[in-house]
Amino acid sequence: MAEPIYLLLGIHHHQPVGNFDSVFAMAFEKCYRPFLEAMERHPAVRFSLHHSGPLLDWAIEREGDYIDRVAALVKKGQLEILGGGYYEPILPILKTSDALGQIGMMQKFWEDRTGVKPRGMWLAERVWEPSLAGLMNDAGIDFTILDDQHFRHAGLSQETLFGYWRTERSGKAVSIFPTDKKLRYLIPFKQAEEVVDHLLELQRKHPGEAVTYGDDGEKFGVWPGTYEWVIEQGWLEKFLSGLEANSDKIKTLTFAEYMSMAPPKGRVYLPTASYSEMLEWAMPAEAIIEYESTKQAIENAGLWEKASPFFRGGFWDNFLTKYPESNMIHKRAIYASDRIDEAEGAGKKLSDARKALYRSQCNCAYWHGLFGGLYLNYLRHALYHNIIDAESAVEAATEKNGPFAHAKITDLDRDGFDEAILSCRDATVIIDPQAGGSISAIDWKPKRFALINTLARRFE
């Protein structure tokens with residue numbers, strides 16, 4: 001009898017810092033709890049699950065036994081926890097110490113509750129840079145999950161993208177699992193039977209191989225129409241039952257289980273990448289128009305499938321150029337981080353300030369694509385609130401009692417020209433000489449409120 005195909009299920013749950021309470025409540029009611037309950041009913045199906053820190057914080061406060069039930073599945077061996085940066089940052093744009101701190105915060109959360117330190121991690125928005133191999137290795141992370149398109153950009157063929165691959169930076173190595181694009185498009189939008197048939201076809205063609213599914217958990221109840229389809233009409237129940245009924249040909253494993261039984265496929269070096277839509281959105285608006293027209297011409301010539309691995313867009317960091325407002329939030333967070341480091345180096349205890357800093361690094365309001373992102377003022381407000389909170393905590397710990405004021409001249413936004421930062425107990429003001437001495441920021445500290453938190457009009 002032919003060997004089974006090994007199915008590795010990686011599910012990612014996330015809501016951003018600053019999202020409405022009603023959205024968190026709806027997501028748990030319509031998606032996260034029903035998904036967990038379905039997995040509890042099918043103990044033979046192994047899977048790996050990531051929750052971002054905002055969800056974990058919410059669950060501890062509002063969701064009763066949810067975390068305990070997740071931990072119970074870990075202890076039974078059905079569930080593997082995927083770690084990551086606690087507040088879902090884009091790790092490569094952080095200071096190394098902050099990136100390691102965010103990963104360590106998530107590891108400690110789950111080790112305290114399950115006794116198991118996560119070996120793998122979810123990368124926010126699947127933003128990959130080669131330097132992450134060294135960072136992950138230093139953090140004690142063994143593996144992550146990326147799209148098959150990352151591997152295609154490196155020149156690998158689709159037919160080779162099974163199992164896991166090794167990469168390294170400066171001799172520090174980690175493993176990477178490529179996801180199966182067709183599975184991402186089938187689940188959960190096609191009939192459950194069609195998904196199972198696809199897996200059975202893979203088993204016939206590639207017995208003994210491992211195929212990875214890695215995608216957003218919100219597809220199982222939060223995305224429009226998915227609660228009715230996936231939960232109420234029983235898609236998820238049918239899919240899990242179909243896996244169980246074909247367990248002789250489709251065997252689910254956690255990523256760590258598979259790594260313990262199978263060697264890597266080889267060594268690979270991936271270029272800077274994310275999912276293809278993100279690489280498009282990161283470019284200037286005018287470049288996107290050229291990109292789309294060129295892509296259309298390639299499609300019209302019938303060459304898209306062959307050309308797409310070599311047709312790439314931009315690079316996530318370009319959002320910091322495309323949107324100066326995003327760059328200001330990013331550089332304010334770095335400045336706050338530097339102040340915390342300096343104060344801690346002088347012996348101050350600033351764990352609350354550091355947690356506020358980490359919350360300000362949540363990625364969703366740093367960029368814009370198909371959804372609101374940077375354009376949602378309440379998400380930007382939440383980041384500024386936490387930056388101001390972190391800086392205020394530093395000042396409370398380091399300044400003497402009574403009125404104080406200080407000024408600093410520094411190139412805050414890293415444009416090659418200095419800004420003036422003026423601060424007193426109740427307010428911070430930033431003056432930009434390159435903009436005619438205009439005020440680019442006013443913070444009202446008692447309310448943790450950024451008074452200048454607006455977006456310029458621009459072509460999109």
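Helix α1 passes helix α10 in a right-handed crossing, a crossing being right-handed if the near helix is turned clockwise from the far one by less than a right angle, and left-handed if anticlockwise. The model is predicted, with local features needing pLDDT of at least 70 and side-chain atom pairs counting only at pLDDT 80 or more, while totals for chains, interfaces and linings use all residues. Residues are numbered from 1 along each chain as its sequence is written, and side-chain values use heavy atoms, with hydrogens and water left out. Helices (H or I, at least four residues) and strands (E, at least two) are DSSP runs, numbered from the N terminus.

**The pair α1 and α10**

- Helix α1 (residues 21–41) packs against helix α10 (residues 235–245) at an angle of about 30 degrees, with the axes 10 Å apart; axes are lines fitted to C-alpha atoms, for helices over the stretch in contact, and angles run from 0 to 180 degrees between N-to-C directions.
- The two helices are therefore roughly parallel to each other, since angles under 35 degrees count as roughly parallel, over 145 as roughly antiparallel, 65 to 115 as roughly perpendicular and the rest as oblique.
- Phe35, Ala38, Met39 and Arg41 of α1 meet Leu236, Glu237 and Leu240 of α10, where contact means heavy atoms within 4.5 Å.

**The open sheet**

- Five strands, in the order β10-β11-β12-β13-β14, form an open sheet with antiparallel pairing, and two strands pair if DSSP finds at least two bridges between them.
- The edges are β10 (405–410) and β14 (449–450), each of which pairs on one side only.
- Six bridges join β10 and β11 (residues 419–424) in the antiparallel sense, and threonine 410 has glutamate 419 in β11 as its bridge partner.
- Helix α16 (residues 324–345) lies across β10, β11, β12 (427–432) and β13 (438–444), and runs at about 60 degrees to β13.

- Threonine 212, in strand β8 (residues 210–216), counts as buried because its relative accessibility is 2%; buried means under 20% relative accessible area, exposed over 50%, and partly exposed in between (1.4 Å probe, protein chains only).
- Not counting residues up to four places away in sequence, threonine 212 touches Leu8, Ile145, Phe177, Pro178, Thr179, Asp180, Leu183 and Phe255.
- Serine 308, in the loop between α14 (304–307) and α15 (319–322), counts as buried at 10% relative accessibility.
- Leaving aside neighbours within four places in sequence, serine 308 is in contact with Gln149 and His153.
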